[in-house]
Structures are given as structure tokens and as C-alpha cells.
Amino acid sequence: MTQNFDRNRILNNILEHIGGTPAVRLNRVGKDEGLQCELGIYQLTPAKASMFKCSKELTFHSHPPVAKCEFFNAGGSVKDRIGKRMVEAAEKEGKLKPGYTIIEPTSGNTGIGLALAAAVKGYRAIITLPEKMSQEKVDVLKALGAEIIRTPTEAAWDAPDSHIGVAKRLNQEIPNSLIPDQYSNVNNPLAHYEGTAEELIAQCGGHIDMFVASAGTGGTIAGVAKKLKEKLPNIRIVGVDPNGSILALPDALNKEGIHGYQVEGIGYDFVPEVLDRSWVDEWVKTDDKESFLMSRRLIREEGLLCGGSAGAAVVGAIKAAKSLKPGQRCVVLLADSVRNYMTKFLNDDWMKKHGFMDEQTKKVEEEKKG
Ligand code: PMP
């Protein structure tokens, strides 16, 4: 499972371009929000002042918060990591053999990661996908050769017609088929424990005070958190959960109960097995409008072509990082790419239709552009 991030060579196939994503400073977004950590004015202690041979009053701008840009993975999201890893683990364990069919219930990105691995390795892939998920994801999945079955978004996770229920039925009906099952597969958090977290520690030189990620299966946050807490015991782990989902703790935060929302890939009406919430110190709830407006800012102000859950994560990071001190570093994970949402939040008409953009918000965006 070891990764080779040496880019000065020809890759054997595109699966080798999974992992090793860039960590990029957010130079404008946090600053505008008045964050102190890592972009605030750093007041020198007398000891440090004498070290730098300058007065204690001298102020520095230190580093901005850091974004781990997972949309640079081969299939466009953080879930490529687990798609590849779950397939290769099943092959090693003899559960997946040539001619077999991979079936997976997903909000799309795990499906794309699995379909990418299936395309390269020659497996059949069937993806069960709630209706809510974007046409862009469907088209990419189809282009990768996956077969897609849409399921009602409002079906409860344990209902027979949910994406999970339908995948289970197909698994029984299709001989030589396998559900990797991202909700319970240990390779989901392990991909982040061994990969994403190690990369972050190396990229940040071991200086991380807070890590923020939005949660779906929770594999990303649980896997990254476990490794970071082992290596950096004082780190704070912050989970981001959309209103309408019930992943956050304490439960009082989920006061809106289970209802629909537009941001894709995060939040659930059940707590997946891989989401060990004991690794998460704090949860922040977010809503659609602030998340999509933040994704548009990340694109426009930072040039980061990310998706909607990335906006939610940064909204959560900005709220949580207000507790950090000057000089401390917050790292936030941007899970997928705007490619999945070209006809959704990237589109002004879609934003207006859903009440996420009025004349005032449009004017503010235009002014910032200028
Ligand atoms: N953002 C997006 C866009 C996703 O597709 C997912 C995965 N469903 C996540 C965030 C959350 O990742 P995880 O499942 O590891 O919690």
C-alpha cells in the first residue's frame, strides 16, 4: 500500500496519482474573517524578540490557514484514496478476482474512486446513488464505465429502496459481486491514517494545532484524527456536519433533526461504523447558503476549484479557529472539485433558484472581484 509520490517519473497507471495532494495557504479568506491564528498579527514574547534582535512590539504576519487540496487526486476527490485502497485490499484478501463485480452505495465520490480503479483494473462497477447527487457525478461515473442506479434521496438508510438497501439486494442477486462498504471497511479510515495524515504532518513540519474536515462516512476525519492525536497530542479535531444531519455531538447541536439539504457528500441520518466520534473534539453545524458562498469565495479569492463540502469545511474552520492563538495553525481539508457541481452552486441561476444568492450577495461578490 505504500505510495510513491515521485512525480519525476512515468506513472504505471493513473491510480499512482492518488495521494500526495498539495497543502496550500489560504491567503485571503481567513484574513477577511478576522482570524488571528497563523495570519493574525504575531506579538513577540520578550524571549523571541531578543532571539530575533527586535523589539517586543514588532509585529509579524505569520502563515495563513492551510488547505489540503484533495481535488487534485486522479478522480477529483479525497475518496479516490479509499476507492483504490479498498479494491487493492480486497484483491489481496482474495475477495475480488478477475471477472468480479464491485457494487457500492455512495454519494458519488467513492463511486468515482471505485469506478476509476475498476476501469484501470478491468472490473465491472455498479454504483447506487441517491437522486440528490449531481448529474456531473453521474456523467463521470458513466464515462468510467460504471452502471448507475438512482435511489430516492428521502429513503431512510435502512429502507430497502435506499442506496444502501439496493446495493445489498444486488449483491445477493449478482454472483461474484462484492460491496467494499465504505461505511464499515477499515481501509477507509486507514487510507487517511497512513496516507492523508502522514502527508499533512510532513507538509506542515509537524506544526498543526487544529484539523477541520466535513464528515460523510467519517473515514477521513477519524483516520486523520487518530494519527494526528498520536503524533501531536495537543491538536484539536473539528468535525463539520450540515444542518439536517445527525453526526454532530453533543446531540443538542442536531436540533433541526433529519431533513434535506443541498451540500453533497456530507452528513447522514445514521452514524457510520467507521466514524469513531471519540476522535472529534468539537463539531460545527453549517447550512447550505454559507457553505456554497464560501466555496465560491475559495474559487474566486484563492483560485481553489473545490466543491460544496469544502465551503462547509472552511466555514466550520473559520468558526472553530477563532479560539486559536496568534501563530497557531489550522488545517482544513477540501474534499472534492467544482467539476462535480458545474450546473449547481457554480451557476448563478441555480444559486438564486435555491435562495442562496440575492442581489445583495451578488453585489458583494462583484465588489470583491473588483
Ligand atoms: N465531501 C465530499 C464531497 C464527499 O463526497 C465526502 C464523502 N462522502 C466527504 C466530504 C466526507 O468524507 P468521509 O466520507 O471520509 O467523511
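Trainee: What makes the largest pocket a pocket, and what is its volume?
Mentor: A pocket is an open set of points on a 1 Å grid over the protein atoms alone, with protein on both sides within 12 Å along at least five of seven lines. The largest one has a volume of about 470 Å³, a volume being the space filled by probe spheres set on the points, which are joined across faces, edges and corners. Its lining numbers 27 residues, and Thr153, Tyr261, Gly267, Tyr268 and Asp269 are the closest to its centre; lining residues have an atom within 4 Å of a point.

Trainee: What kind of model are these values computed from?
Mentor: This is a predicted model, in which local features need pLDDT of at least 70 and side-chain atom pairs count only at pLDDT 80 or more, while totals for chains, interfaces and linings use all residues. Residues are numbered from 1 along each chain as its sequence is written, and side-chain values use heavy atoms, with hydrogens and water left out.

Trainee: How does the lining of the largest pocket divide by class?
Mentor: That lining has 12 nonpolar, 11 polar and four charged residues. Ala, Val, Leu, Ile, Met, Phe, Trp, Tyr, Cys and Pro count as nonpolar, Asp, Glu, Lys and Arg as charged, and the others, Gly among them, as polar. Tyr261 and Tyr268, near the centre of the pocket, therefore fall in the nonpolar class.

Trainee: How many cavities are there, and what makes them cavities?
Mentor: The whole structure holds two cavities of 30 Å³ or more. Each is called a cavity because a 1.4 Å probe fits at its points but cannot get out. The largest cavity has a volume of about 240 Å³. It is lined by 23 residues, with Val78, Lys79, Gly216, Gly265 and Ile266 nearest its centre. Helix H4 (109-121) and helix H8 (219-231) are the elements that give two or more residues to this lining, and H8 has the largest share, three residues. Helices here are DSSP runs of H or I with at least four residues, and strands are runs of E with at least two, numbered from the N terminus.

Trainee: Where does the ligand sit, and what test decides that?
Mentor: The ligand sits in the largest cavity, so more than half of its atoms lie within 2 Å of the grid points of that cavity. Around the ligand are 17 residues, the closest being Lys79, Gly216, Thr217, Thr220 and Ser309; a residue counts if one of its heavy atoms lies within 4 Å. By class, this shell has four nonpolar, 10 polar and three charged residues.

Trainee: What lines the second largest cavity?
Mentor: The second largest cavity, with a volume of about 40 Å³, is lined by 10 residues, of which Leu26, Pro65, Val314, Ala317 and Ile318 are the closest to its centre. Helix H10 gives the most to this lining, with three residues. The lining divides into nine nonpolar, one polar and no charged residues.
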